[in-house]
Amino acid sequence: MEIKEEGTSEEGQHFLPTAQANDPEDIQFTSIQKIPNEPQLEFILACKDLVAPVCDRKLNTVVQISVIHPVEQTLTRYSSTEIVEGTKDPLFLTGVTFPSEYPIYEETRIKLTVYDVKDKSHDTIRTSVLPERKDPPPEVGRSFLGWASFKVGELLRSKEQPLSLSLRTSDGGKVVGTIEVSLVKMGEIEDGDTDHITTDVQGQKCALAYECTAPESVSGKDNLPLLNAVLKNPVCKLYRFPTSDNKWMRIREQMSESILSFHIPKELISLHIKEDLCRNQELKDLGDLSPHWDNLRKNVLTHCDQMVTMYQDILTELSKETGSSFKSSSSKGEKSLEFVPINLHLQRMQVHSPHLKDALYDVITVGAPAAHFQGFKNGGLRKLLHRFETERRNTGYQFIYYSPENTAKAKEVLSNINQLQPLIATHADLLLNSASQHSADSLKSSLKLLSEKTELFVHAFKDQLVRSALLALYTARPGGILKKPPSPKDSTEETCPQDEPPQLRRQDSIPHHSDYDEEEWDRVWANVGKSLNCIIATVDKLIERDSHNEEGTGGSSSNDGDAAPSLEDSITSHPKEDWYGQLHPLILTLKECMGEVVSRAKQSLTFVLLQELAYSLPQCLMLTLRRDIVFSQALAGLVCGFIIKLHTSLHDPHFLQQLHTVGLLVQYEGLLSTYSDEIGMLEDMAVGISDLRKVAFKITEAKSSDDLPVLTGRREHYVVEVKLPATLFESLPLQIKEGQLLHVYPVLFNVGINEQQTLAERFGDVSLQESINQENFELVQEYYSIFMEKMPPDYISHFQEQNDLKGLLDNLHQNIQAKKRKNVEIMWLAATICRKLNGIRFTCCKSAKDRTSMSVTLEQCSILRDEHQLHKDFFIRALDCMRREGCRIENVLKNIKCRRYAFNMLQLMAFPKCYRPPEGTYGKADT
Ligand SMILES: O=P(O)(O)O[C@H]1[C@H](O)[C@@H](O)[C@H](OP(=O)(O)O)[C@@H](OP(=O)(O)O)[C@H]1O
């Protein structure tokens, strides 16, 4: 029989694409009846009476599970159990699960091969992916004991549970024991069999009854098509672990990629291009400038145009990646993939334990958002931005210094203008439309909307910044320093070239000019308000006269039987007073006034932006690029986390209330060291995560089942529109349905754990980590205060009974202050606080592959211990099972095509104990 390598995976659950699964020849096979989104088939294994090849040698057994394709009869290695040591009756804790997408049928045959492992480290090499067609001899590290096989249909229909099969030697002759296959349905009762399991954890033996678990259905909970549109290529693993009262709990681990890894960066780059094109146009529209400023502008435009071309090229490259949902750790330095997050996955643990409700625990695992292609020689964003700003403030002499806050404000006002002007124009036209229809009600409501938007518009210019920017621009115009200045409108016509840069003061370098007519702007600006007031007064008058007219005519157009109208009435009660004719000139005036304000404000604020770009040009643009790259990676993760959280918590009214009244806590666990390049990564990551505060979500109704999130906005503020199917959308609270923006509170806690961190602690500097943790602690506290203030009192009192959040926060604070080395307690506390506050969890290291895998598996087992009564003697064994055969080793495989965590013994000695993987699962591979 041929051993088929599927792609590069030897044992991975990377299965055939759907198209292949639907081959006409496959259709003749019987599909397994399945619950949507639930695995098709799950079973657990145990062996009995295994015969050791050499007497007196204790067996260390592992079962390898392979799938035999019913047509091709090819054999694909699918998964393995963990190694159970020292018994001839092993009971395996790692089960087998076939996700719903896997091409498996009742006719598919499963082969179970039992090995005796002599050398665990060799065993890992055996199960790693090897160069094509270079299978090592099976005897390296393990020896074959026996095999058995069954058809999936036989297991499904068998009355005998577990299905007991004889294990035979390779020639099919001698029986060397039996293997029991027990079908598992996550939420259903196992049959009443009892058995015994022994474990040898740190020298302790322990016996357990193999009993039934309480029934509770978990099916359908996650039956959400939209989530499936976002998550791809799931890898599933199944375990059963004993509880402290000797019952079994079942755990399903799932790891999925997300198409958002590519979708969000593409959306974001498109927005950047749009924003930058618009800014470049505005710079061109600045009008005549004196030679100094004009040269500066030309230079800026040349660079900015180049940047836009670069973004367009990146987008073109990314657009070629249709259908991609995963960027591997080994591609992290690829220029064309810079905006894409590294190794982004949903890591999910589903727990079904006796006496307790089923539970789901999600963590998004992703490489730290960082600009790998640009490198870290000069540090990361946190340092670079700070240095840039300080230098800009102190050394620039050819431009006017505006603080980052003022520059941000200028961008915000510009964006508000761009949004409000067309909106007001639309409302003004609607008002005219209502006028031409002579409808009082519609006139009133159109006026209401027009007034609201115009007030917002007028309000947008209240800032002192616009005034000072107008003056600055005035002085930059040719002739701008003339004693008797022309009105800004005419200033472009003046020809008085100035070759010298204007004398400007630093810090408060916004210019002052004694001859400048500041009041002119006030007049222009006030004109908008005045013309709105005129419209309001006229509408009031028209409606009043109309109602008067109606009263006068008895509310009907016929005036039969009434007294003759007065002269005034006879004028005003004209059957159809020309509302349109009266309002039209006023609307035109409003639009003109608005146009005047917009043109002046736009130019002056664009002049502010020119100052930002003018200093240290290429460096400034490279910093923007770096920030965009890091932000894009962070945003893709956030949107993925948000959508998953929303889907899994839609049934929880408190969550929904929290979402729109408080916002969502998003907690990042960083495992980067504060040494060498990783300092730069952490500096990038800290800024990227803090920039997520600029993001708000909005939920709308989906029109089709694969509606992906849509991004709008600009660098200072983004809105992500997440779409839900009508039935789910309908069940949302009114505030969310009405489009209220939902805010996020991102926080980051970092604790370096590797050998590099040891160096940082001994010879380097850990201050970056300390300040990040302290700053973010304050943010969590702030979130907690808002949560306590805004959630309803009855909910809060129940919440406080269940959770000692205050205690956890104090504890976290003490740990942060303690300045203890590799204080991983900080991560556990921060994660616990996040879970209790219903937040979204992230875990990151450089690649989200090795250290992240150690951390999420530790978190999973700690949750099982603390929340689901995992038997304490099985903590390490559960951890080893998850690290040896769980989703995370598959993660390593899909990243570097090798089933080994990239640690060596020396590195691991520096790791906190709980972060060390089991023997044989690590080593340096040639990646
Ligand atoms: O370069 P060596 O000496 O092999 O060290 C590795 C570390 O031991 C791993 O921890 C890194 O992976 P993670 O960032 O996923 O932990 C791993 O990151 P990489 O997979 O991105 O190269 C390496 O840095």
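**Aromatic rings and cysteines**

Modeller: The structure holds 20 aromatic pairs, where rings of Phe, Tyr and Trp (its six-membered ring) pair if their centres lie within 6.5 Å; planes under 30 degrees apart count as stacked, over 60 as edge-to-face and the rest as tilted. This is a predicted model: local features need pLDDT of at least 70, side-chain atom pairs count only at pLDDT 80 or more, and totals for chains, interfaces and linings use all residues. Residues are numbered from 1 along each chain as its sequence is written, and side-chain values use heavy atoms, leaving out hydrogens and water.

Biologist: Is the pair of Phe-43 and Phe-150 stacked or edge-to-face?

Modeller: The ring centres of Phe-43 and Phe-150 are 5.7 Å apart. Their planes stand at 80°, so the pair is edge-to-face.

Biologist: Which kind of pair do Phe-631 and Tyr-718 form?

Modeller: Their ring centres lie 5.5 Å apart. The planes are at 25°, so the pair is stacked.

Biologist: Are Phe-631 and Tyr-718 buried or exposed?

Modeller: Buried means under 20% relative accessible area, exposed over 50%, and partly exposed in between (1.4 Å probe, protein chains only). Both Phe-631 and Tyr-718 are buried.

Biologist: How many disulfides does the structure hold?

Modeller: A disulfide is a pair of cysteine sulfur atoms within 2.5 Å. The sulfur of Cys-844 is 7.9 Å from the closest cysteine sulfur, in Cys-845, and is therefore too far for a bond. The number of disulfides in the structure is zero.
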